[in-house]
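Hi everyone, thanks for making the time today.

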Amino acid sequence: MQAQPRCNRADARDELLGNEQQLIDILDNLIENAMDSIENLPFAKVAIEAATENDCVNITIKDNGKGISPDRLKTLGEPHYANHEKGIGLGWMICKKLIETHKGQLTIQSKINEGTTVTISLPILKS
């Protein structure tokens, strides 16, 4: 079964200050992680939403995949310790660092066999 991401847009007038290619790479990595976690599940789902709140754009990537154990969450971001077979253990660490470089935050919540929610919060460019 192939999952179809559902996307909701934040206010189209909102602009983010940052390196467009880096932001695309971050989203690509996080969405790929979500897709990997739902592989071979009969009712797989990945939802991608963006909303404006308190001068930030919050982008949420939520899946109903296998989830990440609390012990693994504690070590997330350590180099060369991947959560899936295809990984090399650098994706989360690089994404977090790039988001922080953009003056944003990257958070994760996960439960085994229920799924994972990753939220990117980035400041809106003020005119």
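**Starting from helix α1**

Let's begin with helix α1, residues 20-37: it has 18 residues and reaches 26 Å from its first C-alpha to its last, close to the 26 Å expected at 1.5 Å a residue. That expected span is 1.5 Å times one less than the number of residues.

Two words about the ground rules. This is a predicted model, where local features need pLDDT of at least 70 and side-chain atom pairs count only at pLDDT 80 or more, while totals for chains, interfaces and linings use all residues. Residues are numbered from 1 along each chain as its sequence is written, and side-chain values use heavy atoms, with hydrogens and water left out.

Now the wider picture. The protein has three helices and five strands, and along the sequence they follow the pattern β-α-β-β-α-α-β-β. Of its 127 residues, 32% are buried; buried means under 20% relative accessible area, exposed means over 50%, and partly exposed is in between, using a 1.4 Å probe and protein chains only. If you take the contacts with a separation of 6 or more, 61% of them join residues 24 or more positions apart. A contact, by the way, means heavy atoms within 4.5 Å.

Back to α1. Which of its residues are buried? They are Leu-23, Ile-26, Leu-30, Ala-34, Asp-36 and Ser-37. The cover over them includes strands β2 (46-53), β3 (56-63), β4 (105-111) and β5 (115-123), together with helix α3 (91-101).

Ser-37 counts as buried because its relative accessibility is 12%. Leaving aside residues up to four places away in sequence, Ser-37 touches Asp-63, Gly-65 and Lys-66.

**The core**

The largest nonpolar core has 21 residues, and those with the most contacts inside it are Ile-26, Leu-30, Leu-106 and Ile-120. At least two residues of this core come from each of α1, β2, β3, α3 and β5. A nonpolar core here is a set of buried Ala, Val, Leu, Ile, Met, Phe, Trp, Tyr and Cys residues joined through side-chain atoms within 4.5 Å. Take Ile-120: beyond four places in sequence, its partners include Ile-26, Leu-27 and Leu-30, as well as Val-57, Ile-59, Ile-99 and Leu-106.

**Cysteines and salt bridges**

How many disulfides are there? The count is zero, where a disulfide would be a pair of cysteine sulfur atoms within 2.5 Å. As for individual cysteines, Cys-95 is buried at 3% relative accessible area, whereas Cys-56 is partly exposed at 23%.

Salt bridges come to two, each needing a side-chain nitrogen of Lys or Arg within 4 Å of a carboxyl oxygen of Asp or Glu. One pairs Lys-74 with Asp-71, with the closest N and O atoms 4.0 Å apart. Both sit in helix α2 (residues 70-75), three residues apart, about one turn of the helix. Lys-74 is exposed at 68%, and Asp-71 is exposed at 57%.

Lys-96 also forms a salt bridge, with Glu-100, at 3.5 Å between the closest N and O atoms. These two lie in helix α3, four residues apart, again about one turn. An α-helix has 3.6 residues a turn, so residues three or four places apart point the same way. Lys-96 is partly exposed at 31%, as is Glu-100 at 41%.

**Two loop residues**

Last stop: phi angles. Most residues other than glycine have a negative phi. Asn-54, in the loop between β2 and β3, has a positive phi of about 50°, and is exposed at 66%. Lys-103, in the loop between α3 and β4, has a positive phi near 65° and is exposed at 69%.
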